[in-house]
Amino acid sequence: MKKYLPLLLFAIALLGITTSCNDQETYAEQKEYENSRINAYIAKHNINPISEELFHSRGDSTSVEKNEYVLFANSGIYMQIVEKGCGQKLKNGESGDVLCRYSEWNINGDSLQTFNDGTFSKTLSYDKFTVRNVSGSFTATFVFGVMANTYGSTQVPTGWLVPLTYINLGRPENENEKIARVKIIVPHNQGQAYATSNVYACFYDITYQRGL
């Protein structure tokens, strides 16, 4: 990760310069541009959006073969469940530790921003957060990891918590069991601090594993 940190910082600085040049844009104009980039990303990657109704009627599942993503209309989040995972869902009133490996792409330029999944190296790490389920509403805080270090915040993006309603959190006990994995498009107001302040969406490929 250290090898790519200068490139990451340069990219973030460049984005900041570009954003500062557009300070006169209204928030509505920024959101409109964000939506246009999300639509362009969906078209470029041949994503097939499906409704929440269809998603729920199938037992909360999406077809990976058809590249389906469910669109949650209230939040603007698009999600594909690649693996529901072993173990069980986080129960109401339960707290737990979650270990995540991920890659984060800025949708504006379809460019990699941060990662801990060995995308460009053989070194794997993980981000850890503590989460609590209160009547189906999840709150979480990063304990450590790339996201917290990069963006200077322990707040877990709201978009990262949406899948917890539909996936299991477990630890594989044999080669046939797999941890949960999702792909998700997260609008700025559901994302990390930098995306929120600069009004751009991110794409994430994330795995979720219950911590010890």
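Predicted model: local features only at pLDDT ≥ 70, side-chain atom pairs only at ≥ 80, totals over all residues.
Local features are reported only at pLDDT of at least 70 and side-chain atom pairs only at pLDDT 80 or more, while totals for chains, interfaces and linings use all residues. Residues are numbered from 1 along each chain as its sequence is written, and side-chain values use heavy atoms, with hydrogens and water left out.

The protein chain holds 6 helices and 9 strands. These elements are DSSP runs, numbered from the N terminus: helices are H or I runs of at least four residues, and strands are E runs of at least two. The chain has 212 residues, and 44% of them are buried. Buried means under 20% relative accessible area, exposed means over 50%, and partly exposed lies in between (1.4 Å probe, protein chains only). Contacts were also computed, a contact being heavy atoms within 4.5 Å. Among contacts between residues at least 6 apart in sequence, 62% join residues at least 24 apart. The accessible surface of the chain comes to about 11100 Å². Carbon and sulfur atoms account for 51% of that surface. Areas come from the Shrake-Rupley method with a 1.4 Å probe; for residues, only the protein chains shown count as cover.

The interior was examined next. A nonpolar core is a set of buried Ala, Val, Leu, Ile, Met, Phe, Trp, Tyr and Cys residues joined through side-chain atoms within 4.5 Å. The largest such core has 38 residues. Those with the most contacts inside it are Met-79, Phe-129, Val-131, Trp-160, Tyr-204, Ile-206 and Tyr-208. A second, separate core has 10 residues, including Ile-38, Ile-47, Tyr-78 and Ile-185.

Gly-191 gives a local view of the packing. This glycine sits in the loop between strand E8 (180-186) and helix H6 (193-198). Gly-191 counts as buried because its relative accessibility is 17%. Leaving aside residues up to four places away in sequence, Gly-191 touches Pro-157, Val-186 and Thr-196. The C-alpha atoms of Gly-191 and Trp-160 are separated by 8.0 Å, although the two residues are 31 apart along the chain.

The surface carries a nonpolar patch of about 260 Å². Tyr-126, Val-143 and Phe-144 make this patch. Patches consist of residues with over 30% relative accessible area and no salt bridge; like charges are joined within 9 Å, and nonpolar side chains (Val, Leu, Ile, Met, Phe, Trp, Tyr) within 5 Å. Val-143 belongs to strand E7 (residues 137-144). With a relative accessible area of 47%, Val-143 is partly exposed.

Charged pairs were then counted. A salt bridge is a side-chain nitrogen of Lys or Arg within 4 Å of a carboxyl oxygen of Asp or Glu. By this rule there are 6 salt bridges. One joins the side chains of Lys-44 and Asp-110, at 2.8 Å from N to O. Lys-44 lies in helix H2 (residues 27-44) and Asp-110 in the loop between strand E4 (95-106) and strand E5 (111-115), so this pair ties together parts 66 residues apart in sequence. Lys-44 is exposed, at 56% relative accessible area.

A further salt bridge joins Lys-178 and Glu-83, at 3.6 Å from N to O. Lys-178 is in the loop between helix H5 (158-161) and E8, while Glu-83 is in strand E3 (residues 77-83). This pair links distant parts of the chain, 95 residues apart. Lys-178 is partly exposed at 47% relative accessible area, and Glu-83 is partly exposed at 29%.

Arg-181 pairs with Asp-205, the closest N and O atoms being 2.7 Å apart. Arg-181 lies in strand E8 and Asp-205 in strand E9 (residues 202-210), so the bridge ties together parts 24 residues apart in sequence. Arg-181 is partly exposed at 29% relative accessibility, whereas Asp-205 is buried at 16%.

Backbone angles complete the description. Asn-46 is not a glycine, yet has a positive phi of about 50°. Asn-46 is in the loop between H2 and strand E1 (48-50) and is exposed at 60% relative accessibility. Ser-135 also has a positive phi, near 55°. Ser-135 is in the loop between strand E6 (127-134) and E7, and is exposed with a relative accessible area of 65%.
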